[in-house]
Amino acid sequence: MSVALDLEALRGRVPEAEWLDEAGQQARLSRDFSWFSPVLKQALEGARAEAVVRPADQAQALAVISACAERGVPLTLRGSGTGNYGQCVPLAGGVVMDMSRLDRVLSVAGGVARVEAGARLADVDAAARAHGWELRLMPSTYRISTAGGFYSGGFGGVGSIRFGSLEEPGNVLAAKVAPMSPDPEPFEMRGLAVRDLYHAYGTNGVLLELEYALTPCLPWVERLYVFPEFMPAARFAHRLAHAAVDLRELAVLDAPIPELVGLDDRVAAGCTAVLMVISRAATEVADGLAAQVGGSLSFEQDHAAVFGGAKSLIEYTWNHTTLHALRRDKAITYLQSDFPADRCLDLVETMRERYSGEVLMHLEFLRRGGELSCAGIQLVRYRGEPRLREIIAEHREAGVYIADPHTWLLDEGGRSDPGQMALKRRLDPLGLLNPGKLSAEPAAEGGT
């Protein structure tokens with residue numbers, strides 16, 4: 001029996017769920033932000049689900065899993081689709097399950113938020129703030145990103161300068177997960193075990209609930225400093241990142257990025273911008289360090305007053321920088337670099353000079369394994385895939401780690417480990433969960 005006929009049969013198994021039949025909806029919900037990459041945009045152009053379902057609760061989600069598993073129908077999970085690597089693009093067709101209606105904040109207590117996988121991060125943060133807490137980490141897409149999508153397809157972002165990535169032990173405490181099985185009995189994973197679900201694109205289990213560790217709210221302010229030259233700005237940010245101050249976000253945007261992203265009203269042409277979310281108590285320190293290397297404050301606003309809206313400086317950090325630049329210049333793409341902590345500024349300067357005008361430097365300061373360093377989300381003037389691959393190879397040869405954002409394969413993009421694969425074999429032995437995203441995985445078998 002064909003998959004198409006199977007899909008008709010499974011709709012009858014879960015009639016109470018919302019099935020989206022309109023062709024435009026199916027096409028839209030089969031895509032994410034992988035168009036950031038011209039390589040992925042072309043390669044994933046024809047990938048599309050044959051059916052899209054939006055369960056209203058966990059019982060309906062489990063019924064969809066059961067029906068798909070019985071019939072050998074591939075199942076791809078979707079949050080808000082803000083990922084950049086084709087995380088929720090269904091390479092094998094089948095069913096896309098939109099988890100956005102599983103959106104409850106179940107509890108906030110003792111510095112922990114228990115939420116359903118489809119809960120939007122902005123709503124989770126708002127619920128936490130009502131109790132004096134806030135999320136430790138969030139992407140620049142936090143206004144629409146979901147808790148499950150962030151954990152299974154994201155990395156970190158705002159807050160990573162304090163808490164590292166989602167993978168760091170203690171940031172995500174537990175997950176309720178269901179196997180891809182005709183009888184999908186959910187179970188709890190806690191502690192270090194939950195890391196096997198991290199950044200796995202929903203290939204090795206269906207996330208239903210998560211426990212996110214929180215941090216006490218602080219009186220944050222958003223500030224933008226301007227520097228006539230790039231390296232003094234980078235050194236300022238590096239020194240501020242290592243100072244005894246509280247920071248939630250710290251980014252450096254080399255010229256002409258401020259103009260490309262729409263900050264030209266606050267940053268003069270040819271200048272470098274440093275954007276930050278910093279505790280109000282630390283602003284004098286930031287002013288003093290900036291003045292030492294020729295920088296000056298251009299703009300300040302209260303973080304809480306603009307948080308959750310388009311006026312926040314968070315909108316110009318992490319991959320939102322890339323988004324804004326692409327809106328003005330369609331020939332832009334990007335890299336994801338990790339500069340080693342012991343020589344990050346030296347390598348930043350070397351690579352900036354090497355690719356002057358072709359690779360534009362965007363730095364984000366963060367912690368990895370407790371060590372403070374900086375990542376690059378450089379903008380690249382795209383001149384074809386061969387040149388892009390050459391730039392990536394040259395960075396790696398120079399000692400700069402690149403998590404390739406131009407592939408949908410987990411292991412080629414910098415993530416896949418034995419724990420992930422063991423969980424894949426255990427919870428999805430037929431390879432039906434988001435197939436095609438791992439170089440080596442169980443082969444999906446057709447239903448009868």
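Predicted model: local features only at pLDDT ≥ 70, side-chain atom pairs only at ≥ 80, totals over all residues.
Biologist: What makes strands S1 and S3 the edges of the open sheet?

Modeller: The sheet has four strands in the order S1-S2-S4-S3, with mixed pairing. Strand S1 (18-20) and strand S3 (75-78) each have a single partner strand, so one side of each is left without a neighbour in the sheet. From one strand to the next, the twist averages 25 degrees.

Biologist: How do you know that S1 and strand S2 pair, and in which sense?

Modeller: Pairing requires at least two bridges between two strands, and S1 and strand S2 (residues 51-54) are joined over three bridges in the antiparallel sense, so they count as paired. Within S2, Val-53 is the bridge partner of Trp-19.

Biologist: Which helix lies across S2, S3 and strand S4, and at what angle does it run to S4?

Modeller: Helix H4 (residues 58-71) lies across these strands, and its angle to S4 (95-98) is about 170 degrees.

Biologist: Why is Tyr-201 called buried?

Modeller: Its relative accessible area is 6%, and buried means under 20%, so Tyr-201 falls in the buried class. Tyr-201 is placed in the loop between strand S9 (187-190) and strand S10 (206-216), and its phi is near 60 degrees, a positive value in a residue other than glycine.

Biologist: What makes Asn-434 count as buried, and where is Asn-434 found?

Modeller: At 0% relative accessibility, Asn-434 is below the 20% limit and is therefore counted as buried. It is found in the segment after helix H15 (418-427), and the phi of Asn-434, near 45 degrees, is likewise positive in a residue other than glycine. Most residues other than glycine have a negative phi.

Biologist: Which peptide bond is called cis, and what is its omega?

Modeller: The bond from Ala-255 to Pro-256 is cis, its omega being near 5 degrees. Pro-256 belongs to the loop between strand S12 (247-253) and helix H9 (257-261). Most peptide bonds are trans.

Biologist: What makes helix H12 mostly covered?

Modeller: In helix H12 (residues 318-328), nine of its 11 residues are buried, among them Trp-318, His-320, His-324 and Leu-326. The elements covering the buried residues include helix H7 (160-163), S12, H9 and strand S18 (362-368).

Biologist: Why are helices H8 and H13 described as roughly antiparallel?

Modeller: The axes of helix H8 (residues 230-242) and helix H13 (residues 344-354) come within 11 Å and cross at roughly 155 degrees. Since angles over 145 count as roughly antiparallel, H8 has that relation to H13. Their crossing is right-handed. The residues that meet include Phe-230, Met-231 and Arg-235 in H8 and Leu-345, Val-348 and Glu-349 in H13, and by class the contact of H8 with H13 has six nonpolar, one polar and three charged residues.

Biologist: How do you know that H13 is also roughly antiparallel to helix H14?

Modeller: The axes of H13 and helix H14 (residues 385-398) come within 12 Å and cross at roughly 150 degrees, which is over the 145 limit, so H13 is roughly antiparallel to H14. The crossing of H13 and H14 is right-handed. Leu-347, Met-351 and Arg-354 of H13 make the contact with Glu-394, His-395 and Ala-398 of H14, and its classes are three nonpolar, one polar and two charged residues.

Terms used. Residues numbered from 1 in each chain as written. Heavy atoms only, no water. Helix = DSSP H or I, 4+ residues; strand = E, 2+ residues; numbered from the N terminus. Axes fitted to C-alpha atoms, helices over the stretch in contact; angles between N-to-C directions. Contact = heavy atoms within 4.5 Å. Buried < 20%, exposed > 50% of the residue type's maximum accessible area, 1.4 Å probe, protein only. Parallel < 35°, antiparallel > 145°, perpendicular 65-115°, else oblique. Left-handed = near helix turned anticlockwise from the far one by under 90°. Nonpolar A, V, L, I, M, F, W, Y, C, P; charged D, E, K, R; others polar.
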